[in-house]
Amino acid sequence: MNEVGRPAYSKANPGADIGTVGKALGEEWKSMSDAAKQPFQEKADLAKKEYQVAIEKYQQTAEYKQYEEAKKAYKVDQANKRKRLEGKSEPRSAKKAKASKSRSRSASRKKASAKI
């Protein structure tokens with residue numbers, strides 16, 4: 001649908017941004033009958049089948065197996081980094097909260113005079 005609709009809409013509305021074009025094509029798709037949608041759906045189904053065959057073939061190659069090993073090693077490395085960082089972010093042993101230092105003047109004077 002986009003192969004046909006997008007160029008036609010862009011030509012008719014040269015100043016339209018991508019969001020406007022997408023919205024207009026979506027509305028056009030919704031308004032189409034099932035018979036009109038059929039060729040586009042068949043083309044999409046064929047492309048999906050071709051992709052599935054290609055991906056299955058690729059997954060049998062040494063290149064794919066090498067990629068999977070590298071991906072696994074990366075995930076293990078990231079998990080180890082995460083554990084190490086989480087260990088650093090743990091709070092240290094709980095310390096006893098300090099008492100408030102707001103004393104009255106008279107109490108601090110009494111304490112000072114007691115030392116003398």
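Predicted model: local features only at pLDDT ≥ 70, side-chain atom pairs only at ≥ 80, totals over all residues.

Biologist: Is asparagine 2 buried, exposed or partly exposed?

Modeller: Partly exposed, because its relative accessible area is 42%, and that falls between the 20% and 50% cut-offs.

Biologist: OK, helices now. At what angle do H1 and H2 pack?

Modeller: About 125°, with the axes 10 Å apart; H2 is residues 18–31. That angle is why H1 and H2 count as oblique to each other. Their crossing is right-handed.

Biologist: Which residues make the contact?

Modeller: From H1 you have Asn2, Gly5, Arg6, Tyr9 and Ser10, and from H2 there are Ile18, Thr20, Val21, Ala24 and Leu25. By type, that contact has five nonpolar residues, four polar and one charged.

Biologist: Switching topic: how many aromatic pairs does the structure hold?

Modeller: Three. One of them is tryptophan 29 with phenylalanine 40, whose ring centres are 6.2 Å apart.

Biologist: Why is that pair of tryptophan 29 and phenylalanine 40 called edge-to-face?

Modeller: Because their planes are at 70°, and anything over 60 degrees counts as edge-to-face. The pair links distant parts of the chain, since tryptophan 29 is in H2 and phenylalanine 40 is in H3 (residues 34–58), 11 residues apart.

Biologist: How accessible are tryptophan 29 and phenylalanine 40?

Modeller: Tryptophan 29 is partly exposed at 27% relative accessible area. Phenylalanine 40 also counts as partly exposed, at 24%.

Biologist: What about tyrosine 64 and tyrosine 67?

Modeller: Those two form a tilted pair, 6.2 Å centre to centre with 40° between the planes. They are three residues apart in helix H4 (residues 62–89), so about one helical turn separates them.

Biologist: Is tyrosine 64 buried or exposed?

Modeller: Buried, because its relative accessibility is 18%, while tyrosine 67 at 43% counts as partly exposed.

Biologist: Last one: which residues do ring pairs link into a cluster?

Modeller: Tyr58, Tyr64 and Tyr67.

Definitions and conventions: Residues numbered from 1 in each chain as written. Heavy atoms only, no water. Buried < 20%, exposed > 50% of the residue type's maximum accessible area, 1.4 Å probe, protein only. Axes fitted to C-alpha atoms, helices over the stretch in contact; angles between N-to-C directions. Helix = DSSP H or I, 4+ residues; strand = E, 2+ residues; numbered from the N terminus. Parallel < 35°, antiparallel > 145°, perpendicular 65-115°, else oblique. Left-handed = near helix turned anticlockwise from the far one by under 90°. Contact = heavy atoms within 4.5 Å. Nonpolar A, V, L, I, M, F, W, Y, C, P; charged D, E, K, R; others polar. Phe/Tyr/Trp six-rings, centres within 6.5 Å; stacked < 30°, edge-to-face > 60°.
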